[in-house]
Amino acid sequence: YGQYTDQINSNRPGETMSAFAVGKSVIQVETGAYGISQKHHLLNYVTNGFGIDATIRYGMFLEKLELIADIQFQSQVHESLITIRDQKALKQSILGAKYLLYDPFENQEKEVNIYSWKVDKSFKLKQLIPAVSVFVGANITSDNNPYYFSTKGGVTPKIILITQNHFGDGSWVLVTNTIVDYIGTVFPSYAYLLTISKSLNKKWSGFIENQGYNSNFNSDLIVRSGAAYLVNEDFQIDFSASSSLKNTPSVYYGGIGFSWRYDGNYKEIKR
C-alpha cells in the first residue's frame, strides 16, 4: 500500500498535481523563483515582475493521504497609458488535502518476463486505467489583493480530480487535473492541466504541459515545458518556460527551482 518511492517524486517544474502521496511521515518542499512578462494588445498595458512559490507536502495519518500548503508571492509593475501601479501580494495561498481513491496496481506484484526485455517493457492494456485522487482545499485571500477579483478577501473552496497513468516501463507518465476553483463566488473558475513527462535517463527528465482555465474574470491557454535533474535520491533541481496562446494578454515566464524531502521517519510499507 506504500506511496513512497526510492527517489523523490516532485510535482515541479510543472503545475499539475500528481495522484500519489509522498508517503506517511515524509515531508517534502517544492519551491522556486520565476520572472513574468505580460502584454495586453487591446487594453494597452504591460506588466513585468517576479515571484516565489513554495509547496509543502506532508504524509499524515494514512499512507494515501497528503496534506498540502501551496503559497505564491508575486511582485510586479503594471503600466498602462495613464497609470503605473506597483503590486505586491500573495497571489495564491491554498491549504488542503489529497487522497488516493484508486490505484490500479495496488496489491499486485509486477510480472517480469525473463525471456524478452522488449515484451517486459512494452505497453500493456491495463496501463490505460489511471490512478485516481481527489484534492479538497481552500483559497485564503486577503482584502485589497491586486490578484483577486474582489477588494474583499475571504476563504473559498477548491476541488481537483487527478488521474495518473504510467506507460511502457513507467518512464512515460500522463497526469491530468480537472479543477473547480473559487466555488461559491461570483467568478467561479474551471480549469484543466495535462502533463506528459519522460525519464530521459537516471538523472534527467523532461515534460510538456498544457493548461487552460476559464471564468468570467479571466481565461487563458498556456503551454509549458522544462526539465528536472536528480542530484540525489532526495533532492532535485529544475527549470521551465511558459507561454500563453493568446495576446489578451500574452504571458511569458520562466523559472528555476528545487525539490527536497525528508524521509528519516518513514517505515517501509510493502505494496
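Me: Where should I place Glu 66, buried or exposed?

Reply: Glu 66 is buried, since its relative accessible area is 0%; the word applies under 20% relative accessible area, exposed applies over 50%, and partly exposed covers what lies in between, with a 1.4 Å probe and protein chains only. The areas themselves come from the Shrake-Rupley method with a 1.4 Å probe, and for residues only the protein chains shown count as cover. Keep in mind that this is a predicted model, in which local features need pLDDT of at least 70 and side-chain atom pairs count only at pLDDT 80 or more, while totals for chains, interfaces and linings use all residues. Residues are numbered from 1 along each chain as its sequence is written, and side-chain values use heavy atoms, with hydrogens and water left out.

Me: Where does the predictor's confidence stay under 50, and how should I read that part?

Reply: The predictor's confidence in each residue is pLDDT, on a scale from 0 to 100. The chain averages 90, and 92% of the residues score at least 70. Residues 113-117 are the stretch where pLDDT stays under 50, and there the model has 2 contacts beyond four places in sequence, a contact being heavy atoms within 4.5 Å. Where confidence is low, the predicted coordinates should not be read in detail.

Me: Which salt bridge does Glu 66 form with Lys 98, and which parts of the chain does the pair link?

Reply: Side chains of opposite charge can pair when their charged atoms come close. The term salt bridge is used when a side-chain nitrogen of Lys or Arg lies within 4 Å of a carboxyl oxygen of Asp or Glu. Between Lys 98 and Glu 66 the closest N and O atoms are 3.5 Å apart. The pair links distant parts of the chain, with Lys 98 in strand 4 and Glu 66 in strand 3, 32 residues apart; here strands (E, at least two residues) and helices (H or I, at least four) are DSSP runs numbered from the N terminus. Lys 98 also counts as buried, at 1% relative accessibility. Both residues belong to a network of salt bridges that links Glu 30, Arg 57, Glu 66 and Lys 98.

Me: How many salt bridges are found in the whole structure, and which ones involve Arg 261?

Reply: The search of the whole structure finds 10. Among them is the one between Arg 261 and Asp 234, at 2.7 Å from N to O. Arg 261 lies in strand 12 (residues 250-262) and Asp 234 in the loop between strand 10 (220-232) and strand 11 (235-244), so the pair ties together parts that are 27 residues apart in sequence. Arg 261 counts as buried at 4% relative accessibility, whereas Asp 234 is partly exposed at 22%. Asp 263 meets Arg 261 in a salt bridge as well, with 3.8 Å from N to O, and Asp 263 counts as buried at 19% relative accessibility.

Me: How do strands 2, 3 and 4 pair?

Reply: Two strands pair if DSSP finds at least two bridges between them. Strand 3 then pairs with strand 4 in the antiparallel sense over 15 bridges, with His 78 opposite Arg 85, and the hairpin joining strand 3 to strand 4 passes through 4 residues.

Me: Which residues make the nonpolar surface patch?

Reply: A patch is made of residues with over 30% relative accessible area and no salt bridge, like charges being joined within 9 Å and nonpolar side chains (Val, Leu, Ile, Met, Phe, Trp, Tyr) within 5 Å. Here Tyr 58, Phe 61, Leu 62, Leu 67, Tyr 99, Leu 101, Tyr 102 and Ile 129 make a patch of about 730 Å². Strand 4 (residues 84-102) gives the largest share, 3 residues.

Me: Which peptide bonds are cis, and where do their prolines lie?

Reply: One joins Arg 12 and Pro 13, with omega about 5°, and Pro 13 is in the segment before strand 1 (27-40). Another joins Thr 248 and Pro 249, with omega about 5°, and Pro 249 is found in the loop between strand 11 and strand 12.
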